[in-house]
Amino acid sequence: MSGSTHEAARCTCMNCGYVYRPEYGDPEGGIPPGTPFEALPADWCCPVCDSDKDHFEQK
Amino acid sequence: MNKVTVDLLREHRRELFSPEQEARSIGMETDDPYPRLLALAARAPVQAGALHELMGIPPQGRMDWPGHGAYSLFSFNAVNQAFMDSASFTQRTYDKLLKDHFGDTLLNMDGDEHRRMRNIAKPHFKPSFAESWWNDKWIVQAVDELFGRIEKAGRAELNMEICAPLPVSVISIAFGLPVEEVLPFRLAIHAITGHAGPDKVAEGQAAFDRILRTQIALRRKEPRDDLISRIAAGTLQTGEGERPLSDDEVLRYCALIVFAGGGTTWRQMGITIFALLNNPEQFEELRSDRSLVRPTIHESTRWYPTDPVFTRWVAKDTAVEGVELKADSAAYLCVATANRDPLVWEQPDVFDIRRPMQRHFAFGAGIHACLGQHLSRQEMEVALNALLDRLPNLRWDPEAEPSRISGGTLMGRGPETLHVRFG
């Protein structure tokens, strides 16, 4: 996967700035590496500040 | 409509909302920590030793664990690792810092116990809830009342007239306390945490218990749309299933939230106004582009977090930035320097509301990140917008003593006063 594709897939929490990286997932939140942001469960929230998914923007 | 805010000037309660007096009353130093902290951070990202020792000052408050090792973490990466690895860096430091005051609370819990307890209040502090329930039911009215008291006067002292009364009123009233109990409750917490002198602690505890237990009992009988009712209705997951919270657990929960919610937002709002008034070109930019309100709050909390240092307990041997930290030691997480790490931010000492979004640690991070951070942002956002809408031509009062940031060297920093003119 190219670097630019990685960049496009990352999403940033607009409350705290945490960046969700699909290649890492969110292991502490039960999300395995390789999970795209769109495939995260609806009740998944930011591991840093608890913001809901809709507070993330693709950057 | 019933009033929801306290009038601190009329009540002559400046001593409750002076960062400097608050720090001095428990023997803390008040010097600006930044020159020494930034010099230490430039030396190495992780250093052996308690932070106060490295700074050459006595232990500050209870932030000292004699007989144990200690490490100070200064860089973004080091502080991030400590916040995010809650198995290696635990909350045991809070047994000493807060347990005497409030018993077992979220702050000194770890692991499943912490997760189960936090889950009770978590839905009531999520961003969507802060933007709806907190905002519509409490914050908008509170801000309107406070600005209504000052907007025709042409001058004000914003620390006492806006920054201090807003969060203490919102959190207390939203809990369900009657407005006449807001100040007695704040006075009780002030006494419990030792700020009124050692002989006042028991008195504070008694007043605190009386006020809260009365309200808890009332809500058990007749729930309302307030936070005491919501928390009292909470159930705790245990190994054997679910059980309701006891009155003691509700009381400790409420104590922690009111304690935390009344102090930090007050000082941080003051720091934000202080920074804007000292950077009038950015203030004008904000006035013309309200999409910058949230970034302004984000930048203020990065540039000068009210609490410069957090603590954790090293629970197992751990390497951080190439330094081996030994188990059973204290760790001082220097948020102030992590938030100004030159590897992360350009010109990190400059207050700049146009910075690209980048996470920082003013509200902590990881599973113990500040529960009330979204409420805090919401209060500051509504207040900042009111400041821009209702106090035109806002500027420092040239006849008043210049504003300065004080408070404890390692905790609870904020402006003593914010004397302004407008109109």
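The model is predicted. Chain A contains one helix and three strands.

**Chain A**

- Along the sequence, the elements of chain A follow the pattern α-β-β-β.
- The three strands make an open sheet in the order β2-β1-β3, with antiparallel pairing.
- The edge strands of this sheet are β2 (19–20) and β3 (56–58) of chain A, and each of them pairs on one side only.
- Strand β1 (residues 11–13) of chain A is joined to β3(A) by three bridges in the antiparallel sense.
- Within that pairing, A:C11 has A:Q58 of β3(A) as its bridge partner.
- Chain A has 59 residues, and 47% of them count as buried.
- Among contacts in chain A with a separation of 6 or more, 42% come from residues 24 or more positions apart.

**Strand β10 of chain B**

- Strands of a sheet pair through backbone hydrogen bonds, and the pairing is either parallel or antiparallel.
- Strand β10 of chain B spans residues 329–334 and is mostly covered, with six of its six residues buried.
- B:S329, B:A331 and B:L333 point one way from β10(B), while B:A330, B:Y332 and B:C334 point the other way.
- Strand β2 (residues 69–73) of chain B runs parallel to β10(B), and five bridges join the two.
- B:Y71 has B:A331 as its bridge partner in β10(B).
- Strand β7 (residues 309–314) of chain B pairs with β10(B) in the antiparallel sense, over six bridges.
- B:F310 has B:L333 as its bridge partner in β10(B).

**Helix α10 of chain B**

- Helix α10 of chain B covers residues 165–175 and is mostly covered, with 11 of its 11 residues buried.
- The buried residues include B:P165 and B:P167, and also B:S169, B:S172 and B:F175.
- The buried residues of α10(B) pack against several helices of chain B, among them α8 (127–150), α11 (182–192), α14 and α18 (373–390).
- Just after α10(B), B:G176 has a positive phi of about 115 degrees.

**Helices α12 and α14 of chain B**

- Two packed helices are described by the angle between their axes and the distance between the axes.
- The axes of helix α12 (residues 201–221) and helix α14 (residues 247–277) of chain B come within 10 Å and cross at roughly 120 degrees.
- Because of this angle, α12(B) counts as oblique to α14(B).
- The crossing of α12(B) and α14(B) is right-handed.
- On the α12(B) side, the contact is made by B:F208, B:D209, B:L212, B:R213, B:I216 and B:R220.
- On the α14(B) side, the contact is made by B:D247, B:D248, B:V250, B:L251, B:C254 and B:A255.
- The residues of this contact of α12(B) with α14(B) divide into seven nonpolar, no polar and five charged.

**Residue B:L251**

- B:L251 lies in helix α14 of chain B.
- B:L251 counts as buried because its relative accessibility is 7%, and buried means under 20%.
- Not counting residues up to four places away in sequence, B:L251 touches B:F208, B:D209, B:L212, B:R213 and B:I216.
- B:L251 and B:I231 are 20 residues apart along the chain, and their C-alpha atoms are separated by 9.5 Å.

Definitions and conventions: Residues numbered from 1 in each chain as written. Chains lettered and ligands numbered in written order. Predicted model: local features only at pLDDT ≥ 70, side-chain atom pairs only at ≥ 80, totals over all residues. Heavy atoms only, no water. Buried < 20%, exposed > 50% of the residue type's maximum accessible area, 1.4 Å probe, protein only. Helix = DSSP H or I, 4+ residues; strand = E, 2+ residues; numbered from the N terminus. Pairing = 2+ DSSP bridges. Axes fitted to C-alpha atoms, helices over the stretch in contact; angles between N-to-C directions. Parallel < 35°, antiparallel > 145°, perpendicular 65-115°, else oblique. Left-handed = near helix turned anticlockwise from the far one by under 90°. Contact = heavy atoms within 4.5 Å. Nonpolar A, V, L, I, M, F, W, Y, C, P; charged D, E, K, R; others polar.
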